[in-house]
Structure formats: structure tokens, C-alpha cells
Amino acid sequence: MMDERRESRIPRSGIPGAGVPAPTAKPLETSRTANVAPTASGPLGKRKADATDAAPDNKRPTFSSGAGARPTRSNTTGGAGGRTTSLQGATSARTGPSAGVGGSELGPIAEETWDDIRDKTGQGVDDVLNKKLSFPKGTKPERKVEAFVPLVKELKALGRHLHSSSQRLELDVEQWKRHSAELSTAAEAERKEWNAKQEEVAAQMTQIRELLEMQEQQNKQLEADVKAGEESLAAKEAALAAVQGKLEGVQGEVDRTTKALEEREAKIREMEDVVRTGQKYSTTLQSYNTSLQADLTAEKARRDEVQKAKDELQGQAAELGGKVRSLEQLLAYEREQVTKLREEREAATRDLAMLRADLDNTRQERERAVADAAKAKEDMERLRAVGGKSLETLEALNNDKATMEAQLSMQIKTIASMREELAGAKEGRAMADAMADSRAAQITELKAQVESLQSSLADAEKRVYAGELIRRKLHNIIQDLKGNIRVYCRVRPVSAAEAADPAHDSEMSLDFPTSGDLLGRGLSVVVPGNLTGQAPQKHQFAFDRVFSPGTGQEMVFDEISELVQSALDGHKVCIFAYGQTGSGKTYTMLGSRDQPGVIPRAMQQIFTSGQKLAAQDWRFNMQASMLEIYNEDIRDLLSRKKDDGKKHNVTHDSNGVTNVSDMTMVDVNRPEAVEQLLAQAMEKRTVGCTHLNEQSSRSHMVFTMRIEGDNTATGAKVSGVLNLIDLAGSERVKESGATGQRLKEAQAINKSLSALGDVIMALANKQEHVPFRNSKLTYLLQPCLGGDSKTLMFLNVAPTREFAHESMCSLRFGSKVNACEINVPKKNVVVPRG
Ligand SMILES: Nc1ncnc2c1ncn2[C@@H]1O[C@H](COP(=O)(O)OP(=O)(O)OP(=O)(O)O)[C@@H](O)[C@H]1O
């Protein structure tokens, strides 16, 4: 700062005495501060004196540091003395070794550079130049000269400094000139280039101007168009405003429609999702179905094989049974023989004993006779000896002896023959014993054979039963997968009254296949011809199962027990009986005390299974309700009052569970409780005598059981519903002979059944609208018919020709129902997390 301040005092016109013109003060400063490079304020711009910044740059001149290099202090450092510029300094310099007097004496003094002096004394150029020395009077000239020496040195140094600065400046100027010439050349080239570019730009400008003119013309045209457009727009806007009003009105409608549409679309999307999922599921199910079908076919083949084996075994068993019977007869005969022989042997033994006794007697008698003869001989001898005995006595004695001897020989013969007989009897007994033993061995062997045959028969029967169970399960699975309503057709037997009634055509109109694919599934009906000449016609039908008249209640229930079971597994199950009046619906669903039907058996099964499942920590809570639909009114059959007068409404919740308002729900936990409820309900149910059925149901009866189960160990929950429905029978009003109240009932029944027919048709034809709401019955059955319930219909049919037309109608209806697809039944199970 100090330097700058001082140096600024250098006159701009130049340094007097330096002889170097200073173009401006700046070059001087430059030489002072950086004598190797022009300062930033110089014409060449700022340049660092740093050697690393010496990169060649064509546009900037480079300066050699040699010529302008500032001498280093060591080069210039002289002795310590002679550096002061003041008198006081001169005084101190006097002690220096170089102190001398006069100009010649200045030569040997080491020359200080101006920079050293300036640094040391802090003087500027002006200070030195303007320095004046004054001496007191009488100062000796030598002293004065001495005093002038430092000033001279300073001036010399300044002179040298200015000289070298001027040289450097000259060099700089030289370089500057060179650079300037280079720049001029470059500038000239650039100017030429620039001129060329300018010309180019001018040409472009001309083009642009032309374009602009064209654009302007177009703009004008456009403006005119816009104006015309604006006018027509204004006109249109006016028209639009008029339409706008109308449009706003329509818009509201459109908005509403759009909203409805969006809702519909959302629903459609939802449905599509459901359909897609369903399709995926269906594909999976189809493949599963195919594999099940294959399994079923294999199972059927196995069943057929087993059946064949069973038949063979049964044949063998029958044959063996015959053999066993004949052997048993033989055995009985042999036993009889053995008994007889035993008796004979005992009789022979008894005879022998008697003979032995006789023999002993005879022996004794003979011995006695021999003794008597010996005595008589002795007597005779004695008489002869005495000489006086008569000849007659002797002869008599001889005769006695002869008789006795004859008797003896006869007895000996008898004994011999008796001995022979005894030996023969003994032989016969031994033979009989041996025969009896061999027969007994044969019988044991045969018994073992029979037992083994019976056990293999039992095995075969077990296998047949197991195969049958598998078939039934597979059938049920397939039914579930198909999602169809199952139809089991049941044909009742001809009643005694029908058989006895001469006016009743009690010939069978139905026929059942005895073999082949439709065995147990098919039936044909012959519709008799009529007076108009129409020939009798035979129609074939096939259902999921057909029960011929001989089928008992147990077997029928056996076929649906799986379905009932699934209510306990959390499914909605619906079983209903349909058919003409008197065809056996109530018999099938309720049965009698001796022959209980589906409802009591289902209850029994559910309670038994529930108890079994208790071992696996399941607890069930069951509630029952019963209602009838009579003349389109719902009545609570479990209400204590005869007619509670309540209006009952049917609703279905989002899970497809049906609720009927104000119904009596009874907790049931044992089958007997259900029996009581059934008895109570049956007393209340509307039943009447008709021409066709003594105890005809005049209403549709619905028994509902809700089953809630939870597993105390796993926390799983199930919720199932079992709907068991006994529909009122369809009837031809004319033939039923109904009048008055019965006629009204019949009409209501027929109306609701025809509504059921409409619903079935709509479902079978996959119509968009299904008229569930057309009757209380169809609305109540909606989840069973159109939902995800497992549904089965008993199609009850009367067997005789009398009812052939009604049977035809029922069978056709059954086929339609069988074709109805409902959703794949789903289980209501909550499985706890983790
Ligand atoms: N499978 C069967 N075996 C023996 N008897 C039967 C069978 N089916 C029905 N019956 C008898 O036939 C008669 C009529 O049966 P049921 O009352 O069950 O008919 P329904 O279809 O319910 O008639 P409705 O519609 O008039 O009520 C009854 O006496 C019943 O015992």
C-alpha cells in the first residue's frame, strides 16, 4: 500500500532524467510489482508471474524473464554501510568500510538496487528526486561531499532502475508490437470471416424478411378467417347457448345414467372378475372333474369286477350252500344211522348179557343135569348093586338125560350163533364209528370251506360296499363340481287301494333298466294312447338316481346321507320333494313312525355325527324352525298359538342365508327334541282329504336347521344350513275333485309350482332375469336354486298307468331341474389364522 501510494506520485509525463517515455503510470507499476509480466490492467490482460502459468498461448505474448528479471537481493546486496539517505543515516554510514569521499570514491562502493534502497528507507522516487540537502554554515566541503554520497548512490540506483525498467518496457513494447501485429493479422482474418458471415446473415435476413412478408400475408388471411370464424362462432355460441340449456337438462340425465352405467360397469367388472376366477376355477375343476371321471370310470370298472366276483362268489356260495345242505342231510342221515346202530349195539349188548345170563343158567343147569346124571348113574349103580331096581325108572332116567343133553347142545349152538352175532354187531359198530368219524371229518372240512367262502363273500361284499361308497362320494363330488341341482327320482309302489279299485288303471306305466349304463339311473314311461288314435309312446329319462318301488326308506336316505353330512361341514344344503299329489313326497321326507323318512333320519345322523365330532373338540349349536306356505302366506309351525296372525317376510343376506322374520327358533340338541317339534308342526300343518290322497298336504312345508360349530382346540368355525322341504303336490283340479276351499288351495299350490317351473326354465336357459319374486316359494328357495347351496330334488312319481300323464310332466320337469346350474357350493368355514 505504501509503495503504491508513493509511486503514484511519479509524474505521468515521465520520469525526469530517466529518458524513457512512460506511456502511462501503469507500465511502471508493472515493472515494479511484476517485472516478468504485464499486469492485468495492461493491454495483454492479466498474467501471473508464476512459472507454471507459462503455457503457450498464441493470442498472448510471452515474455522472457531473463531480460526483465528483477535482480535478486543477493546480487545486489552490497555492504552494510552507505544505505541511509538522510543526514542522520549518513552519519551512521560513516563507520562503514566503504566510506569514501568524492565520485571516484563511489566506484568501489557496492551498488545497491533501487528496490533495496526503497525497501530499506521507505522512500519513493519523488522523495529521492526532491531531496534537498542543507548544511549549517561553515560545514566543511568534505562533509558536504560526504553527505551527498548516499544521495548520489540513491540517484544512481534510481537511474539504473529506471534504465532497466525502460529497457524492459522497450522489450515489452517490442513484444507488444509483435503481438499487436499478430493480433492485427488475426483481426484482419476474423474481419474477413466476419464480413463473409455478415453477408451470409444478410442473405438469410433477406430470406427471413421474405418469409416474414409471406407470414404477414398469411396472418392477414388468417385474421380474416379468424374474424369470419369468430362471427360464425358467435352465431354458433348463441345457438350453443340455446342448446346448452337443453344440454344441461340432458346432462343431469346423462350424469345419472353414467353413474348408473359406471355402477353397472363396476358390477360387470366385478362379475367379470368373478367369471374369470370362476373360469379359472372351472378349468381347474374341469381337469379335476376329468381326473375324477377317469377315477369314476376306473372305479366303475372295479365295481363291475367286484360285482362280477361277487356274483361268481355268490354262485359258488349258492352251489356250496347246496352242497353243504346235501352234506348236512347226509350227515343227519348218517347220524341217524349211527344212533340206530348205537341203539342196535346197545340192544345187542343187552341181548348178549341176557344170553350170557341164559348161558350161565344153561351151564348151571347142565352142570346140575350132569350132577343129576352122575347121581342117577350112582343111584342106578347103587340100585344095580342092590339088585332090585326097576328097568322103567332106569329108562325114564335115561330119557331125561337124553332130553337134557339135546337141550344142552341146542343151547350151546344158540350161544355160538349169539357170539357170532355179537362179533358181527361189534364189527358193524366199528364200521359205523369209522364212517361217522370220516363223515365228521368231511363235515368239518366242508364247514371250514363254507366259512372261508363266507368270509371271502363278506370281503367281496365289503369291497363292493367300499366301491359303492367311493362311487357315491365321486358322484357327489362330480355333482358339486358340475354345480347342477341333483335329481333323485323315487317311484312309489302301487297302493292296495289302487290295486283293489277296478276303476283305477293300476297297470305299471314305468319300467326300469335291469342292466347297462342306466342301471339305477334310468327309467322309461309309457304314455297310453288315446281315443283320438294316438299310439302309446315310450319316453326315456335318466337322473342322478332312480329308486324303483321296492326301495326302502333306509336305502333312500343312504344315498343322501353324504349331502346331509355336508351341512355339518358348513354347507348350505337344500333337499326338497316335488311331485303330483299322492306320489309319496311326505312319505319320503317325513315317513311314518315305523318307516321314518329323510327329516328324522337326517336329524339322527346330524346328532350322531355331532357327537362323534365332539371327540375332535367340535361343539355344535343347532336351531330349528318350521314354516308352511299356505295360500301364499307364511305360517310359523312352531308357534305356540294356532294362528299368531304375524306377517312373516323373507330376506336373503349377502351370504345367501335366508331369514324369515318373526319365526320361532328352537334350540335342539337331540333327535327326540326334533321328533317332538315335527309332531307339533305336523299337527299344525294344513292337511286335507282329497280325491287322490286321504292326507294331502295343502301347503309347502319348510324345515330349517341352522348348524353353528366351533372347534375349541383349533378355533375353526363352521356354519351350515339344512333346508328340508315337503312341497304341496301338483294336481289337476278337475281330477282332484276339489271345490271351495280345496279348490282355492289347489289353485294357490299350482300357481306357486308353476312359478317354480318358470324359475327353473329361466335358470336352465340361463336367462338374465330369473323371476324368483313371483311367488313366496320361489323367493324362499332362491339361494337353493340360484345360489351356492347343495341342492337335491326328490322327484316323486306314482307308478300306475292312471297317472302316466302326470308322471310324464313331473319327469320332464325333473330333467329341466337336473340341467339347472347353480354356483359351485361353497363352505362357510372360518379357519383361524396361524
Ligand atoms: N315309497 C312308498 N312306499 C310305501 N308307501 C308309500 C310310498 N310312497 C308313498 N306311499 C304311500 O302313498 C300315500 C301317499 O303318499 P304321500 O302322502 O307321501 O304323498 P304326497 O306326495 O305327499 O301327497 P300330497 O302332495 O297330496 O301331500 C301314503 O299313504 C303313503 O304312505
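# Reading loops, helix packing and a ligand shell

Visitor: Where is the place of D617?

Guide: D617 lies in the loop between α14 (598-614) and β7 (618-630). Keep in mind that this is a predicted model.

Visitor: Which loop holds E632?

Guide: E632 is in the loop between β7 and β8 (633-636). E632 also has a positive phi, about 65°, without being a glycine. With 11 C-beta neighbours inside 10 Å, E632 counts as exposed.

Visitor: Now the overall fold. How many helices and strands has the protein?

Guide: There are 19 helices and 17 strands. The protein has 834 residues, and 24% of them are buried. Next, look at sequence separation. Take the contacts with a separation of 6 or more: residues 24 or more positions apart account for 71% of them.

Visitor: How do I read helix packing? At what angle do α14 and helix α15 pack?

Guide: Read the angle, the axis distance and the hand, then the residues. α14 and helix α15 (residues 671-684) pack at about 155°, with their axes 9 Å apart. Angles over 145 degrees count as roughly antiparallel. α14 and α15 are therefore roughly antiparallel to each other. Their crossing is right-handed.

Visitor: Which residues in α14 meet α15?

Guide: From α14 come I599, P600, M603, Q604 and F607. They meet P671, V674, E675 and L678 in α15. By class, the α14 with α15 contact has 7 nonpolar, 1 polar and 1 charged residues.

Visitor: What does the spacing along a helix tell me?

Guide: An α-helix has 3.6 residues a turn, so residues three or four places apart point the same way. Carry that idea to the next pairs.

Visitor: At roughly what angle do the axes of α17 and α18 cross?

Guide: They cross at roughly 30° and come within 9 Å. That makes α17 roughly parallel to α18. The crossing of α17 and α18 is right-handed. S752, A755, L756, V759 and L763 of α17 make the contact with K776, L777, T778, L785 and G786 of α18. By class, this contact of α17 with α18 has 6 nonpolar, 3 polar and 1 charged residues.

Visitor: Is helix α18 mostly covered or mostly open?

Guide: Count its buried residues. Helix α18 (residues 776-786) is mostly covered, with 9 of its 11 residues buried. The buried ones are K776, L777, T778, L780, L781, P783, C784, L785 and G786.

Visitor: At what angle do helix α17 and helix α19 pack?

Guide: About 45°. Helix α17 spans residues 740-764, helix α19 spans residues 804-819, and their axes are 8 Å apart. α17 and α19 are therefore oblique to each other. The crossing of α17 and α19 is left-handed. G757, I760, M761 and A764 of α17 make the contact with F813, K816, V817 and A819 of α19. By class, the contact of α17 with α19 has 6 nonpolar, 1 polar and 1 charged residues.

Visitor: Where is E334 found?

Guide: E334 is in helix α9 (residues 141-386). E334 is partly exposed, with 19 other C-beta atoms within 10 Å. To find its partners, set aside its neighbours within four places in sequence. E334 is then in contact with M435, A436 and R439. E334 and R439 are 105 residues apart along the chain, and their C-alpha atoms are separated by 7.9 Å.

Visitor: Last, the ligand. How many residues surround the ligand?

Guide: The shell has 18 residues, and the closest are R492, G584, T586, S696 and G729. Next, ask which elements supply the shell. α13 (585-589) and β13 (696-697) each supply at least two of its residues. α13 gives the most, with 3 residues.

Visitor: What is the shell around the ligand by class?

Guide: The shell has 3 nonpolar, 13 polar and 2 charged residues.

Methods
Residues numbered from 1 in each chain as written. Predicted model: local features only at pLDDT ≥ 70, side-chain atom pairs only at ≥ 80, totals over all residues. Near = placed C-beta within 6 Å. Helix = DSSP H or I, 4+ residues; strand = E, 2+ residues; numbered from the N terminus. Nonpolar A, V, L, I, M, F, W, Y, C, P; charged D, E, K, R; others polar. Buried ≥ 20, exposed ≤ 12 C-beta atoms within 10 Å, placed from the backbone. Contact = placed C-beta atoms within 7 Å. Axes fitted to C-alpha atoms, helices over the stretch in contact; angles between N-to-C directions. Parallel < 35°, antiparallel > 145°, perpendicular 65-115°, else oblique. Left-handed = near helix turned anticlockwise from the far one by under 90°.
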